[in-house]
Amino acid sequence: ALDELTSGYREDPSDQVKLFRSKCDSMVVTRGISFTSLCAHHVLPYWGKAVFGYIPDGVILGLSKFSRILRCFSRRLTTQEDLVESVSEFLYSRLHPKGLGVVLKAVHTCAALRGVEDEGMEMVTSSMKGCFRESQSTRDEFLKMVVL
């Protein structure tokens with residue numbers, strides 16, 4: 001199980017980048033993507049759903065690639081805060097979109113099974129790049145579509 005949950009160390013997310021030329025210049029949102037990871041602090045699992053949004057600038061990414069890239073990064077020891085930044089920075093540097101947003105919502109067994117022992121606690125993290133960070137209206141449009 002540990003080998004499987006840390007398989008991301010043996011994968012290169014760059015292998016998953018398949019870009020296609022496109023005239024699309026509207027926001028593209030992919031949501032409901034499941035992920036599982038191991039907390040770098042407690043080595044206990046956490047899992048949840050991800051939402052990706054971006055405004056293309058001449059290229060788009062194949063739909064399944066969001067799941068595959070997220071899996072590469074989430075199958076490593078990482079905090080959710082670092083996971084959202086790692087995935088966001090990677091995608092932004094490869095897609096070169098006008099803007100990009102990533103939102104992760106997860107349940108952490110380190111909070112559910114030990115410490116506070118709150119089984120209903122969820123953590124939501126986000127990372128915004130380009131016009132998603134700079135333009136309130138673009139960020140608002142994306143966040144309205146997030147609904148996890």
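## Close-up views of a predicted model

**View 1. The run of elements along the chain.** From the N terminus on, the order is α-β-β-β-β-α-α-β-α-β-α-α. Counted up, that gives six helices and six strands in this predicted model. The radius of gyration is 16 Å, close to the 15 Å from the globule rule for 148 residues, so the protein is as compact as a globular protein of that length. Its C-alpha trace spans about 50 × 35 × 20 Å along the principal axes.

**View 2. The largest nonpolar core.** Here you can find a set of 23 residues, and those with the most contacts inside it are Phe35, Phe52, Leu70, Leu83, Leu91 and Leu104. Two or more residues each come from strands E2 (28-38), E3 (45-55) and E5 (99-108), and from helices H2 (63-74) and H3 (80-95). H3 gives the largest share, six residues.

**View 3. The surroundings of leucine 91.** Setting aside neighbours within four places in sequence, leucine 91 is in contact with Phe52, Leu61, Phe66, Ile69, His96, Pro97 and Leu100.

**View 4. Contacts, burial and surface.** Of contacts between residues at least 6 apart in sequence, 72% join residues at least 24 apart. Of the 148 residues, 45% count as buried. The protein exposes about 7900 Å², with carbon and sulfur atoms supplying 50% of that area. For the charges, the mean positions of the 19 positive and 18 negative ones lie 7 Å apart.

Note on methods. Residues numbered from 1 in each chain as written. Predicted model: local features only at pLDDT ≥ 70, side-chain atom pairs only at ≥ 80, totals over all residues. Heavy atoms only, no water. Helix = DSSP H or I, 4+ residues; strand = E, 2+ residues; numbered from the N terminus. Rg over C-alpha atoms; globule rule 2.2 N^0.38 Å. Buried < 20%, exposed > 50% of the residue type's maximum accessible area, 1.4 Å probe, protein only. Contact = heavy atoms within 4.5 Å. Areas by Shrake-Rupley, 256 points an atom, 1.4 Å probe, with all protein chains shown as cover. Lys, Arg positive; Asp, Glu negative; His and termini not counted. Charge placed at Lys NZ, Arg CZ, Asp CG, Glu CD. Core = buried A, V, L, I, M, F, W, Y, C linked by side-chain atoms within 4.5 Å.
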